[in-house]
Amino acid sequence: MNILMVCLGNICRSPLAEGILQSKAPTGMKIDSAGTSNWHVGKSPDKRSIAVAKQHGIDISNQKARQFQSEDFSNFDVIFVMDQSNYADVLALAKNEVEKSKVRLILGNYQEVPDPYYGGEDGFEAVYQMLDEATDQFLQSLSS
Ligand code: 4NP
């Protein structure tokens with residue numbers, strides 16, 4: 001099973017989501033992340049995301065940002081987005097109902113992982129906690 005985590009910049013939220021799910025995923029699950037924008041392509045995750053991951057024993061420092069592309073609909077089984085804006089941007093690129101059906105808000109309908117980019121460090125810890133919980137629930141949903 002291949003899982004893609006998507007946010008706007010692919011430097012704050014989705015790199016954390018990728019690293020957290022990777023840290024507890026069953027072998028054989030492939031996990032990647034991407035941004036809807038091309039703003040930070042090739043860059044490492046935000047220092048604050050690297051730091052909060054490290055505090056929880058996860059190393060995301062080797063990730064590099066890339067932009068979401070339409071081929072991702074074929075390469076991944078589930079595409080998790082962080083907020084409504086990501087959801088709209090990704091859905092707009094879907095070519096059919098099968099592709100659309102792969103896109104899910106990671107916290108569930110109507111809930112968003114807030115963009116921590118312009119806030120303080122505590123915003124990154126809050127994002128970490130939301131993603132830790134959401135990835136637990138996702139893995140549980142697969143096994144039940
Ligand atoms: P992300 O956060 O979507 O979680 O990676 C952001 C990173 C950068 C910007 C916005 C959000 N930006 O405006 O550059």
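I started at Tyr110, which sits in the loop between β4 (103–105) and α6 (121–143). This is a predicted model, so I keep that in mind for every entry.

I looked up the backbone of Tyr110 next. Its phi is near 70°, a positive value in a residue other than glycine. Is Tyr110 buried or exposed? I got 74% relative accessibility, so Tyr110 goes down as exposed, the cut-off for that being over 50%.

Then I went over to Asn10. I found Asn10 in the loop that links β1 (2–7) and α1 (13–24). Phi of Asn10 is positive too, near 60°, and again the residue is not a glycine. For Asn10 the relative accessibility is 2%, so I note it as buried, since buried means under 20%.

On to the nonpolar cores. The largest one holds 29 residues, and Ile3, Leu16 and Leu131 have the most contacts inside it. Which elements each supply at least two residues of this core? I wrote down β1, α1, α2 (47–55), β3 (78–81) and α6. The biggest contribution comes from α6, with 7 residues.

I count 12 residues for it, among them Leu4, Ala34, Phe76 and Val103.

Note on methods. Residues numbered from 1 in each chain as written. Predicted model: local features only at pLDDT ≥ 70, side-chain atom pairs only at ≥ 80, totals over all residues. Heavy atoms only, no water. Helix = DSSP H or I, 4+ residues; strand = E, 2+ residues; numbered from the N terminus. Buried < 20%, exposed > 50% of the residue type's maximum accessible area, 1.4 Å probe, protein only. Core = buried A, V, L, I, M, F, W, Y, C linked by side-chain atoms within 4.5 Å.
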